[in-house]
Amino acid sequence: MHELSIAYNIVNIATKAAQEAGAEQISAVHVRIGALSGVVADALRFSFAIAAEGTPLANAELIIEEVPVVVFCPECRAEVTLPNPRLFRCPSCHRPCGQIVHGRELELVALETP
Amino acid sequence: MSYETKRLIEIRQGVLSKNDQLAAELRSRFHAAGVTVVNLLSSPGAGKTSLLEATMRAMLAECRVAALVGDLATDNDARRLARSGGLVRQIQTGDMCHLEADIVARHLADWDLNQIDLLFIENVGNLVCPAGYDLGEAARVVLLSTTEGEDKPLKYPATFATADAILLTKMDLAGPVGFDRAMAEENIRAVNPLAPIIATSARSETGLQEWMAWLREQMQARHKGTKTIA
Ligand SMILES: [Zn+2]
């Protein structure tokens, strides 16, 4: 399962950051995942609990911000948010848009200590 | 501020930043050596190996072609591809669901990149995981075979949306399996309005010329890029 290796990456980066900050325990982990990142939020939560065992992140809450797909519409000359990641059309002018601006994010944003 | 105060530790780092960094290093090595790298993605059994064998055989007439082949345990694919006469190396992926940049770097460590013009990386048969991992490629190509459902692009938008080209494969079987090409193209267009769609068959060599023309374009774009920088 792909999310498990992603979860281990998160735990590794976060553990190092926690150590550098002198934090012994982490209560929450904030991540951003894009609609085109290929990561499923529920699967990531499940995997995170496993990966965090025995680390300063054990029992930490994984707080996921889901990032929608944003494309550039050449007609509107603007970045537009797609209501549906399965339809790459500008919601205002309905022109097909393929230039992805956001939605591929897979980012560890911050940690919280208790 | 007391040490008991709840603290926020900012990180703002890509979860795959280590892979992204390695991929960027690979990309500049490929660029410096003049190698065009194509990452091939598909579900298992979509005909990647057959198409690659036909492509390598044909492209070898005009340039130096190599392939890194991700395969679960056997070296069947690599042996098949070696018949084309190109430089082929297998990556034993075991239970991995995707290739990563460090695996690619390790497997071409002893290759002289200056002796290669076109390098294919056949990724693990999987339409989900490989999409998140940059391998330093110049182009990412996704295959959709006529024996899969026409709705695959809608089920795996992340993979199809980020493709630079999409190949329909096994077109010789389109009739027998009742493949609805118009519907498949409509579904591809829904998630990827820009990438060229090329209908191919390794068996009947349908579309091979068009696919090769696209590959040549990628190689020329590389060379132009080099000149501009130099
Ligand atoms: Zn628009």
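**A guided tour of two chains**

Guide: Helix H1 (residues 2-20) and helix H2 (residues 41-52) of chain A pack with their axes 8 Å apart, at an angle of about 55°. This is a predicted model, in which local features need pLDDT of at least 70 and side-chain atom pairs count only at pLDDT 80 or more, while totals for chains, interfaces and linings use all residues; side-chain values use heavy atoms, with hydrogens and water left out. Residues are numbered from 1 along each chain as its sequence is written, and chains are lettered from A and ligands numbered from 1 in the order in which they are written.

Visitor: Why are H1(A) and H2(A) called oblique to each other?
Guide: Axes are lines fitted to C-alpha atoms, for helices over the stretch in contact, and angles run from 0 to 180 degrees between N-to-C directions. Angles under 35 degrees count as roughly parallel, over 145 as roughly antiparallel, 65 to 115 as roughly perpendicular, and the rest as oblique. The angle here is about 55°, and therefore H1(A) and H2(A) are oblique.

Visitor: Is the crossing of H1(A) and H2(A) left-handed or right-handed?
Guide: The crossing is right-handed. That word is used if the near helix is turned clockwise from the far one by less than a right angle, and left-handed if anticlockwise.

Visitor: Which residues make the contact?
Guide: Contact means heavy atoms within 4.5 Å. H1(A) contributes residues including Leu4(A), Ile6(A) and Tyr8(A), and H2(A) residues including Leu44(A), Phe48(A) and Ile50(A). The contact residues divide into 12 nonpolar, one polar and one charged. Here Ala, Val, Leu, Ile, Met, Phe, Trp, Tyr, Cys and Pro count as nonpolar, Asp, Glu, Lys and Arg as charged, and the others, Gly among them, as polar.

Visitor: How many helices and strands does chain A have?
Guide: Chain A has two helices and six strands, in the sequence pattern α-β-α-β-β-β-β-β. Helices (H or I, at least four residues) and strands (E, at least two) are DSSP runs, numbered from the N terminus.

Visitor: What makes S1(A) and S2(A) a pair?
Guide: Two strands pair if DSSP finds at least two bridges between them. Strand S1 (residues 28-34) of chain A and S2(A) have seven bridges and run in the parallel sense. Gly34(A), for instance, stands opposite Val67(A) in S2(A). H2(A) packs on the sheet, touching S1 and S2 of chain A, and its direction makes about 160° with that of S2(A).

Visitor: What is the strand order of the open sheet of four strands?
Guide: The order is S2(A)-S1(A)-S6(A)-S1(B), with mixed pairing. Strand S2 (61-67) of chain A and strand S1 (8-14) of chain B are its edge strands, as each pairs on one side only. Neighbouring strands are turned by 15° against each other on average, direction ignored.

Visitor: How many bridges join S3(A) to S5(A)?
Guide: Three bridges join them, and the strands run antiparallel. Val70(A) has His102(A) as its bridge partner in S5(A). Strand S3 (residues 70-73) also pairs with strand S4 (residues 78-81) of chain A, in the antiparallel sense over four bridges. The hairpin of S3(A) and S4(A) has four residues between the strands, and Arg77(A) there takes a positive phi near 50°.

Visitor: Which sheet in chain B has seven strands?
Guide: That is an open sheet in the order S4-S3-S5-S2-S6-S7-S8, with parallel pairing. Strand S4 (87-92) and strand S8 (197-199) are at its edges.

Visitor: Why is chain B said to be as compact as a globular protein of its length?
Guide: Chain B has nine helices and eight strands. Its radius of gyration is 19 Å, close to the 17 Å that the globule rule gives for 230 residues, so chain B is as compact as a globular protein of that length. The radius is taken over C-alpha atoms, and the rule is 2.2 Å times the number of residues to the power 0.38. For chain A, a compact globule of 114 residues would have a radius of gyration near 13 Å, but the chain has 17 Å.
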